[in-house]
Amino acid sequence: MGGSATTGHASSGDFDRVLVVDFGAQYAQLIARRIREAHVFSEIVPRDITVDEVLAAGPVGIVLSGGPASVYAEDAYGVDPGILELGIPILGICYGHQVLAEEMGGKVARNDIAEYGRTALEATADSVLFRELPEREIVWMSHRDAVVEPPPGFRVTAWTSDVPVAAMEDPQRKLFGVQFHPEVAHTERGQEILKHFLYDVCGARPTWTHVGIIEQSVDAVRERVGDGVVICGLSGGVDSSVAAALVHKAIGDQLVCVFVDHGLLRKGEAEQVDATFRRTFGMRLISVDARDRFLEALGGVTEPERKRKIIGETFIRVFEDVAAGLPDVRFLVQGTLYPDVIESGTKDAAKIKSHHNVGGLPEDMQFDLIEPLRDLFKDEVRAVGEELGLPEEIVWRQPFPGPGLAVRIIGEVTAERLAILRDADAIILEEIHRAGLYRELWQSFGVLPAIKTVGVQGDGRTYAYPLVVRAVTSEDAMTADWARLPYEVLERISSRVINEVEGINRVAYDISSKPPATIEWE
């Protein structure tokens, strides 16, 4: 065994690529998703990307995202002017539209009237982006500044009652800008506008499909692995399960799945993983009981980032121990997703939290990583899982964090707290299933703060833990809204938890959205 902790992912190889330059917009991820929904691969890149980096990426198009700043401010974000001269098609959206105008010699100014929300747009029918669309439509605006004079060579193609340049284009130089947000569902024909840019301007091929992703990933894994043995950290969650199935399709019995019972799992999880992957799919599966090892490593630790890093490192040490008993193991498969990478911090994005399989990996790790899902959002992973034939109960499982219940116990992780939270969490999921809400929710779970509150049960005073119920709706975990669960469901959860789980005497419901909160508490 040897090698370095390099990352390999196989899914974006030969697909046409569109770069989304992130100017700090709340919608940057949504732009990327909408492009992918048009079956074109998209990648979010930082605002300070250079000409050389763009050329190395080889995109067929570039989208400049929105952002919170003013282009004429002293600290305004810009783009390398050389990128605008490459001849690569560019679409500026909102702030990106203003950046394009400013860099090319137009004029941007603060508008007398701000535009927020649904707005009526007038467009010219003979423009590239608005071809075959109604001349009047509703779009979503979110701006105070506006382009008041287009740059030389640009033609105004849309306007509103308050904004004279709501869209502009220079087809000869393949430069386009729109003040509104075509990626938002409230823009009635937004996806059609994006498709006009992708297909008609960029000439992008709509080949980013689930079958195409699988074929490219399988070929890339086979080429990289050769005849070596690969181990996969299998948790039974959606991500690691799809990653395992994808790599198994590529190399068969060269894959050895390792299921680590770290004692931080949900109720009955270990048994379910064994039944699904060993018995149903016939995969080589090694189960490791490491409950004491993880609990000892977490003893006395309360800081969330330390928990994640300890768990990430301990996972790797367990995998190294397993690999020592196998011949020629060089690669480790992980179910890392695109949002994991973004949240763990990029050159331009602040670190929100370290994911144990991204920012939590030890520097001296002795594996090369195979991460076939690293470029994918969760909905894309589910679609790939269905295409690979994984059962519905795996593919549509709600996300569960790699560090497990350790990051749902706020404070030190102990055997007693784990047992309490495990039982309470099982009741939450039972009642969510019973109400028919499981598939409607992105996640539903319990959080156990390591504090105690006073209560009364029978004729006696209690001093026990509170349980916080968390349920959210989301498309990709980048943003989320708290779920409006029916009162009767919350009442059943509260009643059952307090009556059936010893150690809890109070239940609360978290009504925070992301942002400003995150989905998990740690």
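**Burial, cores, helices and a pocket**

Biologist: Is histidine 181 buried or exposed?

Modeller: A residue is called buried under 20% relative accessible area, exposed over 50%, and partly exposed in between, using a 1.4 Å probe and protein chains only. Histidine 181 has a relative accessibility of 4%, so this residue counts as buried. The model is predicted: local features need pLDDT of at least 70, side-chain atom pairs count only at pLDDT 80 or more, and totals for chains, interfaces and linings use all residues. Residues are numbered from 1 along each chain as its sequence is written, and side-chain values use heavy atoms, with hydrogens and water left out.

Biologist: Where does histidine 181 lie, and which residues is histidine 181 in contact with?

Modeller: Helices (H or I, at least four residues) and strands (E, at least two) are DSSP runs, numbered from the N terminus. Histidine 181 sits in the loop that joins strand E10 (175–178) to helix H4 (190–201). Contact means heavy atoms within 4.5 Å. Setting aside neighbours within four places in sequence, histidine 181 touches Tyr27, Ile93, Cys94, Trp140, Ser142 and Thr187.

Biologist: Which residues touch the most other members of the largest nonpolar core?

Modeller: In soluble globular proteins, nonpolar side chains tend to be buried together. A nonpolar core is a set of buried Ala, Val, Leu, Ile, Met, Phe, Trp, Tyr and Cys residues joined through side-chain atoms within 4.5 Å. Here the largest such core has 53 residues, and Ile231 and Phe319 touch the most other members. Among the elements giving two or more residues to this core are strand E11 (229–233), helix H9 (304–324) and helix H14 (487–500). Apart from this core lies another, of 39 residues, including Trp208 and Ala244. Beyond four places in sequence, the contacts of isoleucine 231 include Leu255, Val258, Phe319, Phe331 and Phe367.

Biologist: How many residues of H6 are buried, and what should its 14 residues span?

Modeller: The expected span of a helix is 1.5 Å times one less than its number of residues. For H6 (residues 238–251) that gives 20 Å, and the end C-alpha atoms are 20 Å apart, so the two agree. H6 is mostly covered, with twelve of its 14 residues buried; Val242, Ala244 and Leu246 are among them. Glycine 252 follows H6 and has a positive phi, near 60°.

Biologist: How many residues of H1 are buried, and which residue just after H1 takes a positive phi?

Modeller: H1 (residues 28–37) is also mostly covered, nine of its ten residues being buried; these include Leu30, Arg33 and Ile35. Just after H1, histidine 39 takes a positive phi of about 65°. Histidine 39 and histidine 210 are 171 residues apart in sequence, yet 9.3 Å apart in space, C-alpha to C-alpha. Histidine 210 lies in helix H5 (residues 210–225) and is partly exposed, at 34% relative accessible area.

Biologist: Which residues are closest to the centre of the second largest pocket?

Modeller: On a 1 Å grid over the protein atoms alone, a pocket is an open set of points where a 1.4 Å probe fits, with protein on both sides within 12 Å along at least five of seven lines; lining residues have an atom within 4 Å of a point. The second largest pocket holds about 370 Å³ of space. Its lining has 17 residues, and Gln272, Arg397, Leu429, His433 and Tyr438 are the closest to its centre. H13 provides the largest share of that lining, six residues.

Conventions: Grid points are joined across faces, edges and corners, and a volume is the space filled by probe spheres set on the points.
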